[in-house]
Amino acid sequence: MTDKLPLRVFLRRGRRSLRRMTVLQRTIFFDIRMEDLSYAQLAQRHGISAEQAEAEFAAALRIFMRTLYEPEPWWRRLSHRL
């Protein structure tokens, strides 16, 4: 993923995407990515259904990918040219 983006841009956009997620989405995103939990384990941990856990992860992943590949704001692009 970082092949096309400089690391600082990837990290900045990653932080931005985490701010856009709800608390539940962010928690489920980290639980799946860092702890390698299944949807059933997530459902039990958070008191939701496995389908809801899967939907929350899908929403978090969409936010992450959309934020990662959205164009930089015009003012940030302008500041890099100066």
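Helix axes are lines fitted to C-alpha atoms over the stretch in contact, and the angle between two of them runs from 0 to 180 degrees between N-to-C directions. The structure described here is a predicted model.

**Packing of α3 against α4**

Helix α3, residues 39-46, packs on helix α4, residues 50-69, at an angle of about 100°, and the two axes are 8 Å apart. Because angles of 65 to 115 degrees count as roughly perpendicular, α3 is roughly perpendicular to α4. On the α3 side the contact is made by Tyr 39, Ala 40, Leu 42 and Ala 43, and on the α4 side by Ala 50, Ala 53, Glu 54 and Phe 57.

With a relative accessibility of 58%, Glu 51 counts as exposed. Between Glu 51 and Tyr 39 there are 7.6 Å in space, C-alpha to C-alpha, for a separation of 12 residues in sequence.

**Aromatic pairs and cluster**

The structure holds 4 aromatic pairs. One of them joins Phe 10 and Phe 64, whose ring centres are 6.4 Å apart and whose planes stand at 85°, so this pair is edge-to-face. Since Phe 10 lies in helix α1 and Phe 64 in helix α4, the pair ties together parts that are 54 residues apart in sequence. Another pair is formed by Phe 29 and Phe 30; their ring centres are 6.1 Å apart with planes at 70°, so this pair too is edge-to-face.

A single aromatic cluster is formed by Phe 10, Phe 29, Phe 30, Phe 57 and Phe 64. Phe 57 also takes part in the contact of α3 with α4. The accessibility of the residues in the two pairs described above is as follows.

| Residue | Relative accessibility | Class |
|---|---|---|
| Phe 10 | 17% | buried |
| Phe 64 | 13% | buried |
| Phe 29 | 10% | buried |
| Phe 30 | 32% | partly exposed |

Phe 30 is classed as partly exposed because its value of 32% falls between the limits of 20% for buried and 50% for exposed.

Arg 16 is located in helix α1, which covers residues 7-20. Its relative accessibility is 11%, so Arg 16 counts as buried. Leaving aside residues up to four places away in sequence, Arg 16 touches Thr 67, Glu 70, Glu 72 and Arg 76.

Note on methods:
Residues are numbered from 1 along each chain as its sequence is written. This is a predicted model: local features need pLDDT of at least 70, side-chain atom pairs count only at pLDDT 80 or more; totals for chains, interfaces and linings use all residues. Side-chain values use heavy atoms; hydrogens and water are left out. Helices (H or I, at least four residues) and strands (E, at least two) are DSSP runs, numbered from the N terminus. Angles under 35 degrees count as roughly parallel, over 145 as roughly antiparallel, 65 to 115 as roughly perpendicular and the rest as oblique. Contact means heavy atoms within 4.5 Å. Buried means under 20% relative accessible area, exposed over 50%, partly exposed in between (1.4 Å probe, protein chains only). Rings of Phe, Tyr and Trp (its six-membered ring) pair if their centres lie within 6.5 Å; planes under 30 degrees apart count as stacked, over 60 as edge-to-face and the rest as tilted.
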